[in-house]
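I opened this notebook to keep track of what I look up, one entry at a time. Where should I begin with a structure that is new to me?

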Amino acid sequence: MLHYRPKTVFDVASCTCDRCGRLMTPDGGDFHERLSVSQSCGFDSVFGDGNTMSLDLCQQCVKETLGEWLRVTRPEGDTGDKTVTALKGIVGKPDVPVTIDEMNEAAHPNPAPTRSTSVGPMHARIAFDPQRSGFVATVEYIWTLVSDSPPQLGYWLYDAGVPSGNVRMQCEGESQVPENSQRVILERMRHEELRGERGAALRGVPVQRPESGPPYVRLADIPAPWQSQFRAALRGSACPVAEGARDCAYWSDWIDWIEGRFPRPN
Ligand SMILES: [Zn+2]
C-alpha cells in the first residue's frame, strides 16, 4: 500500500517582461505568447562559465528587439486558408478545453448540416497523375493510394472500405482517368464486393460431414439471393445423394462458386 503526503507545486502565476515591465497573467493572451528563456551556460560562455542566463519578454518586446532575425513560418499544411483565423476566439486559453465540434463549426461554418462525425462507407476520388503515370485515389481527402494498375487500385479501394458507388473519377483535364481504366477499376471493385458478400453468406452455411463421402451443403441452408443463383450454376453438375436431404451440393462446388471458380471451364 502506498502512503501519500502533501506536496507543494509551484506554478507560474504571472510574468513580468524584463524589458517593458508589462505584467502578464495566465488569463491574458500575452502570457501564453511570451518568450521565456532559461539556459545554463557552459565553459567559454560569454555570460560566464557555469552561469545561468534567463530572460522573459512580452511578445511585443520580442518583435521589437529580435524581430529582424526571427523566422516566422505558417503551420505545416496550412496553405493560407482561413482555418487558423477562424479558430481565433474559439481556441482561447491553452488550459481551457475546446471540443472538436466547436472547432469544426468555426473552421467549416457553411457545409455542416451534420455536425457530428458521420458514420458510413468511405468515399474516394480518382485522378490520373501524368508525372507518375499512375492513378491516384484519395480516400476521404486524406489517404492516398497510388498505382499504375487499374485492377490493383480497384482491389485496394475495396480493401479500404470504399464501395464502387462512392468513387468519383476525374473526367476532364490532363488528370482525366481514361474511360477504359474507369471501367476496369469499377469492375474490379464490384467483383470484390460480390466475393465479399458471397463470403459472408458462406459463413452462415453449415457444412454437412457424412460418415462416408465428401462434405456437402444443403441448398436450403443457403440464404437468398445466393441460393437461387447457386442452384442455377449447379445445373448439369453431379450432386451428392445424402440421406434425408435431396437438395444438396458438394461443399467443394459451393466454395468454388463463392470464389468465382464454378461452374468450372471445360
Ligand atoms: Zn515587453
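**Entry 1: Ala-86.** I started with a single residue. Ala-86 is partly exposed, because 15 other C-beta atoms lie within 10 Å. I then looked up its place, and Ala-86 belongs to helix α3, residues 83-86. Which residues does Ala-86 touch, not counting those up to four places away in sequence? I found Ala-106 and Ala-107. I also checked Met-103, which is 17 residues from Ala-86 along the chain. Their C-alpha atoms are separated by 8.7 Å.

**Entry 2: the whole protein.** I stepped back for an overview. I note that this is a predicted model. The protein has eight helices and ten strands. It has 266 residues, and 14% of them count as buried.

**Entry 3: the loop between β6 and β7.** I went through the backbone angles here. Strand β6 covers 134-139 and β7 covers 143-147, with Glu-140 in the loop between them. Glu-140 is not a glycine, yet its phi is positive, about 50°. Tyr-141 lies in this loop between β6 and β7 too. Its phi is near 65°, again positive in a residue other than glycine. Are these residues buried or exposed? Glu-140 is partly exposed, since 13 other C-beta atoms lie within 10 Å. Tyr-141 counts as exposed, because it has 9 C-beta neighbours inside 10 Å.

**Entry 4: α5 against α6.** Next I looked up a helix pair. Two packed helices are described by the angle between their axes and the distance between the axes. Helix α5 spans residues 150-159 and helix α6 spans residues 179-203. Their axes come within 8 Å and cross at roughly 40°. That angle makes α5 oblique to α6. The crossing of α5 and α6 is right-handed.

I wrote down who makes the contact. From α5 come Pro-150, Pro-151, Leu-153, Gly-154, Tyr-155, Leu-157 and Tyr-158. From α6 come Ser-181, Val-184, Ile-185, Leu-186, Arg-188, Met-189, Glu-192 and Glu-193. How many residues of each class are in the contact of α5 with α6? I have ten nonpolar, two polar and three charged residues.

**Entry 5: Pro-214.** I moved to the loop between α6 and β9 (216-218), where Pro-214 is found. Pro-214 is exposed, because 12 other C-beta atoms lie within 10 Å. What does Pro-214 touch, leaving out residues up to four places away in sequence? I listed Pro-240, Tyr-250, Trp-251 and Ser-252. I looked up the distance to Tyr-250, which is 36 residues from Pro-214 in sequence. In space the two are 7.2 Å apart, C-alpha to C-alpha.

**Entry 6: a cis peptide bond.** I checked omega next. A cis peptide bond joins Ala-224 and Pro-225, with omega about 0°. Pro-225 is found in the loop between β9 and α7.

**Entry 7: helix α7.** The helix covers residues 226-234, and its buried residues are Trp-226, Phe-230 and Leu-234. The face turned away from the buried side of α7 carries the exposed residues Ser-228 and Ala-232. I asked what covers the buried residues of α7. The cover includes α6, β10 (248-250) and α8 (251-258). Gly-236 follows α7, and its phi is positive, near 90°.

**Entry 8: helix α8.** I ended with α8. Its buried residues are Asp-253, Trp-254, Trp-257 and Ile-258. They cover an arc of only 135° around the axis, which puts them on the same side of α8. What do the buried residues of α8 pack against? I noted α6, β9, α7 and β10. Gly-260 follows α8, with a positive phi near 80°.

Definitions and conventions: Residues numbered from 1 in each chain as written. Predicted model: local features only at pLDDT ≥ 70, side-chain atom pairs only at ≥ 80, totals over all residues. Axes fitted to C-alpha atoms, helices over the stretch in contact; angles between N-to-C directions. Helix = DSSP H or I, 4+ residues; strand = E, 2+ residues; numbered from the N terminus. Parallel < 35°, antiparallel > 145°, perpendicular 65-115°, else oblique. Left-handed = near helix turned anticlockwise from the far one by under 90°. Contact = placed C-beta atoms within 7 Å. Nonpolar A, V, L, I, M, F, W, Y, C, P; charged D, E, K, R; others polar. Buried ≥ 20, exposed ≤ 12 C-beta atoms within 10 Å, placed from the backbone. Arc of directions from axis to C-beta.
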